[in-house]
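Good morning, and thank you for coming.

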Amino acid sequence: MIDGHTRTCGLIGNPVEHTLSPLIHNTLAELLSHPLVYVPFHVEDENVHKAVEGAYALNVLGLNVTVPHKSRVMKSLVQVDELAEKIGAVNTLVRFGNGFKGYNTDMPGLYRAFLSEGIMLDGQEVVILGAGGAARAVAFLCASKNVKKVYLMNRSADKAAEVAKEVNSKSGRECVCPMALSDHGKLPEGRFLAIQATSVGLYPNVDEVVIDDEDFYRKIHTGYDLIYKPRDTRFMQLVKSHGGRACHGLKMLLYQGVIAYELWNGVSVPEEIAMQVYGLLDEAAER
Ligand code: ATR
């Protein structure tokens with residue numbers, strides 16, 4: 001029931017109409033008996049600053065930020081967490097002093113998803129497909145978790161080189177090696193964890209895949225697709241048909257939300273509660 005004690009959280013982005021975040025946060029609030037509601041706010045580019053200021057004035061407890069505002073929002077904050085600053089993108093705002101502080105929960109969310117799937121990063125050789133915002137965050141995660149080597153492959157090789165240079169310099173390790181996607185045949189022999197961080201294969205283009213060469217998939221022991229619609233992408237199918245294990249990105253979506261919820265409410269969400277939310281997300285993402 002909404003009453004005088006109810007706190008508001010929300011999402012700013014454009015578009016926001018298909019978001020699953022209200023399901024995550026409103027379910028968490030219900031299961032944990034917190035007086036909290038979460039609503040989506042469609043915010044145009046030129047209104048981001050006003051939206052953040054207005055939300056603070058309205059005593060909004062916290063906000064999520066989605067495309068296309070994840071970088072733009074940073075100049076409207078009183079502080080940005082070190083990790084979010086490094087990644088250059090903020091997806092969670094928490095009330096702090098006289099404004100909001102920005103965090104990035106996408107990357108810790110992916111890490112928690114890896115832990116939950118039993119996927120290790122330490123000492124691994126990793127292939128990242130893509131060099132956009134998502135791939136960049138994944139490359140930072142890998143560099144910070146002591147992977148042995150990252151091959152960052154992108155259609156436009158110069159973008160891969162740019163991201164590799166930035167991640168290597170900010171993490172103080174020369175572990176990211178950029179490659180053109182068309183050079184995937186030059187990937188050294190070995191067994192790799194591959195993280196699919198492009199939009200290729202996303203519903204409704206479910207037959208598309210960024211690489212369909214059999215020789216590539218023979219080298220992949222685990223494939224993690226950040227896409228969760230469909231739940232069995234062409235990339236995942238190819239990994240599995242060559243004996244590898246494959247996961248979709250729904251747990252990353254879950255945990256980025258759980259971590260934001262924890263930041264807003266100063267709680268730690270029990271795993272069985274997170275799994276209840278996951279069950280509902282799994283049904284909703286199917287629609
Ligand atoms: P996001 O923030 O979700 O990562 P993005 O920044 O738009 O989105 O990045 C999309 C990624 O998908 C890029 O790596 C893009 O490759 P380019 O940098 O060469 O554009 C990749 N991508 C999109 N469509 C692709 C396609 N048809 N084949 C290969 N890569 C593709």
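By a polar contact I shall mean a pair of N or O atoms within 3.5 Å. Please keep in mind that this is a predicted model.

Let us begin with the ligand. A backbone N or O atom of Ala-134 lies 3.0 Å from one of the ligand's oxygen atoms. Two side chains also take part. Asn-154 places a polar side-chain atom 2.7 Å from a ligand oxygen, and for Arg-155 the corresponding distance, again from a polar side-chain atom to an oxygen of the ligand, is 2.8 Å. There are 14 residues around the ligand, and those that come nearest are Ala-131, Asn-154, Arg-155, Ser-156 and Lys-159.

I turn now to helix packing. Two packed helices are described by the angle between their axes and the distance between the axes.

Consider helix H4, residues 106-117, and helix H9, residues 250-265: their axes come within 7 Å and cross at roughly 120°. H4 and H9 are therefore oblique to each other. Their crossing is right-handed. On the H4 side, the contact includes Asp-106, Arg-112 and Glu-117, while H9 contributes, among others, Lys-251, Tyr-255 and Glu-262.

From H1, the contact residues are Leu-23, Ile-24, Thr-27, Leu-28 and Leu-31, and among their partners on H10 are Ile-273, Gln-276 and Leu-280. The contact of H1 with H10 comprises 9 nonpolar residues, 2 polar and no charged.

Finally, the backbone. Most residues other than glycine have a negative phi, and most peptide bonds are trans. Where are the cis peptide bonds to be discussed here? One joins Asn-14 and Pro-15, with omega about 10°, and Pro-15 is found in the loop between strand E1 and H1. Another joins Tyr-203 and Pro-204, also with an omega of about 10°; Pro-204 lies in the loop between strand E10 and helix H7. Ser-33, although not a glycine, has a positive phi of about 55°. This serine, Ser-33, lies in the loop between H1 and strand E2.

Note on methods:
Residues are numbered from 1 along each chain as its sequence is written. This is a predicted model: local features need pLDDT of at least 70, side-chain atom pairs count only at pLDDT 80 or more; totals for chains, interfaces and linings use all residues. Side-chain values use heavy atoms; hydrogens and water are left out. Contact means heavy atoms within 4.5 Å. Helices (H or I, at least four residues) and strands (E, at least two) are DSSP runs, numbered from the N terminus. Ala, Val, Leu, Ile, Met, Phe, Trp, Tyr, Cys and Pro count as nonpolar, Asp, Glu, Lys and Arg as charged, and the others, Gly among them, as polar. Axes are lines fitted to C-alpha atoms, for helices over the stretch in contact, and angles run from 0 to 180 degrees between N-to-C directions. Angles under 35 degrees count as roughly parallel, over 145 as roughly antiparallel, 65 to 115 as roughly perpendicular and the rest as oblique. A crossing is left-handed if the near helix is turned anticlockwise from the far one by less than a right angle, and right-handed if clockwise. A residue is near a molecule or strand if one of its heavy atoms lies within 4 Å of it. A polar contact is a pair of N or O atoms within 3.5 Å; within protein, one must be able to donate a hydrogen and the other to accept it, and residues adjacent in sequence count only if both atoms are side-chain atoms.
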